[in-house]
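Student: Can we go through this one together? I'd like to start with the strands and then move on to the contacts.

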Amino acid sequence: MKIGYVSTNYSMGCKADATFRLKNLTEEKVIETASSNLNCLKRILKWNVSNDILFFRISSNTVPFASHPMNTANWREELRGLLKEVGSFIRDHYLRISMHPGQFTVINSEKREVVEASVRELEYHADLLDLMGVEGVIQIHVGSGSGGKERGLARFVRGFSLLPERVARRIAVENDDRIYTLRDCLVLNRELGIPVIFDNLHHQVNSSGEGLSEAFSLARETWRGTPMTDYSSQEPGEEAGVHASTLDEDDFRRYVQEISRVGDADIMLEIRDKERSALKAVQVLRSMKVGKSRT
């Protein structure tokens, strides 16, 4: 099992997800900010490797406003060398990479302009990974539930058909905490062949009644290789579905024990203190002797 965390490392003194306001957008600002983000990303990945953290979710803000119509910067060419450097490091150290576009990426929206913008955003994510020369999953939610789940799922299938093959092959769908359960995502797996990322906290607050082992097993069967799973515990005192501030080691250990009965998975921590919890999780796996090496 590889442990990962999301986008930011608070220990590094740099940001790999810096952005700016749209009104300040210039070609120079895009390239300058993206270059800084990528240089910080290199530092984060090196730190991760030194601490046996071998899974990372790269920020969608790596190239700010990359898919926005106002962005005319030729970032694909300008950043080609830097992207290649990052990709080489990822490959050389057998790191697993994912990306997760933001809440406005909704390919099953009823609004044509939202779907078109979502396709452009997903193309940007795929281009970034392609220029790095790395495999990487782009995880998304099903999206809008307008008109009911059946119509929403049908719109997702239509929206998915608009994606170029280089994008579609990277897509995985995740169960959410409000509308679409794991069972709903499995419908899309059967229809489109896309893998399902199991999110334990979302399942805890929005499920079809499956226990943890059964739910993980159903999701795991949708993957050809090692599956990805998102993990967090509930933040005490907050409304249902709020991610924990820091790793609950006992809860994490129970989670690993439960899913390990089914099989391996690489675990993305969606916990607010990022790398601090990832360090703790690596130690938990070592104590359980279920961690994964860099080969």
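This is a predicted model: local features need pLDDT of at least 70, side-chain atom pairs count only at pLDDT 80 or more; totals for chains, interfaces and linings use all residues.

Student: Fine. Which strand does β2 pair with in the parallel sense over 3 bridges?

Tutor: That is β1, residues 3–6. Gly4 stands opposite Phe55 of β2. Between these two strands the chain runs through helix α1, residues 27–50, and the β-α-β crossover is right-handed.

Student: And over how many bridges do β2 and β3 pair?

Tutor: Over 4 bridges, in the parallel sense, with β3 covering residues 96–99. Ile58 has Met99 in β3 as its bridge partner.

Student: Which residues of β2 are on which side, and are they buried or exposed?

Tutor: Strand β2 spans residues 55–58, with Phe55 and Arg57 on one side and Phe56 and Ile58 on the other. All of them are buried, so both faces of the strand are covered. In a regular strand, side chains alternate between the two faces of the sheet.

Student: Switching to cysteines. How many disulfides does the structure hold?

Tutor: It holds 1 disulfide. The bond joins Cys14 to Cys40, with an S to S distance of 2.0 Å.

Student: Where do Cys14 and Cys40 sit in the chain?

Tutor: Cys14 is in the loop between β1 and α1, and Cys40 is in helix α1. They are 26 residues apart, and the pair links distant parts of the chain.

Student: Why is the disulfide called right-handed?

Tutor: Because the torsion about the S-S bond of Cys14 and Cys40 is about 80°.

Student: Is Cys40 buried or exposed?

Tutor: Cys40 is buried, at 3% relative accessibility. Cys185 also counts as buried, at 0%.

Student: On to charges. How many salt bridges are there?

Tutor: The count is 21 salt bridges. Side chains of opposite charge can pair when their charged atoms come close. One of the salt bridges is between Arg169 and Asp130, whose closest N and O atoms are 3.7 Å apart.

Student: What does the pair of Arg169 and Asp130 tie together?

Tutor: Arg169 is in the loop between α6 (165–168) and β5 (171–174), while Asp130 is in helix α4 (residues 112–132), so the pair ties together parts that are 39 residues apart in sequence. Arg169 is partly exposed, with a relative accessible area of 43%. Asp130 is partly exposed too, at 31%.

Student: Which residues are linked with Asp130 and Arg169 in a network of salt bridges?

Tutor: Glu135 and Arg170 are linked with them in that network.

Student: How far apart are the closest N and O atoms of Asp184 and Lys149?

Tutor: They are 2.8 Å apart, and the two residues form a salt bridge. Asp184 lies in helix α7 (residues 182–192) and Lys149 in helix α5 (residues 149–160), so this pair ties together parts that are 35 residues apart in sequence. Asp184 is buried, with a relative accessible area of 12%, whereas Lys149 is partly exposed, at 34%.

Student: Now the largest pocket. How much space is in there, roughly?

Tutor: About 660 Å³.

Student: Which residues lie nearest the centre of the largest pocket?

Tutor: Arg96, Glu135, Val137, Arg169 and Trp223, out of 26 lining residues. The elements that give two or more residues to the lining are α3 (80–92) and β3. Glu135 and Arg169 belong to the salt-bridge network mentioned above as well.

Student: Last topic, backbone angles. What is the phi of Ser7?

Tutor: Phi of Ser7 is near 70°, a positive value in a residue other than glycine. Ser7 lies in the loop between β1 and α1 and is buried, with a relative accessible area of 10%.

Student: And where is Asp52?

Tutor: Asp52 is in the loop between α1 and β2. Its phi is positive, about 60°, although Asp52 is not a glycine. At 30% relative accessibility, Asp52 counts as partly exposed.

Conventions: Residues are numbered from 1 along each chain as its sequence is written. Side-chain values use heavy atoms; hydrogens and water are left out. A salt bridge is a side-chain nitrogen of Lys or Arg within 4 Å of a carboxyl oxygen of Asp or Glu. Buried means under 20% relative accessible area, exposed over 50%, partly exposed in between (1.4 Å probe, protein chains only). Two strands pair if DSSP finds at least two bridges between them. A crossover is right-handed if, with the strands pointing away from the viewer, the path from the first strand over the helix to the second runs clockwise. A disulfide is a pair of cysteine sulfur atoms within 2.5 Å. On a 1 Å grid over the protein atoms alone, a cavity is a set of points where a 1.4 Å probe fits but cannot get out, and a pocket is an open set with protein on both sides within 12 Å along at least five of seven lines; lining residues have an atom within 4 Å of a point. Grid points are joined across faces, edges and corners, and a volume is the space filled by probe spheres set on the points.
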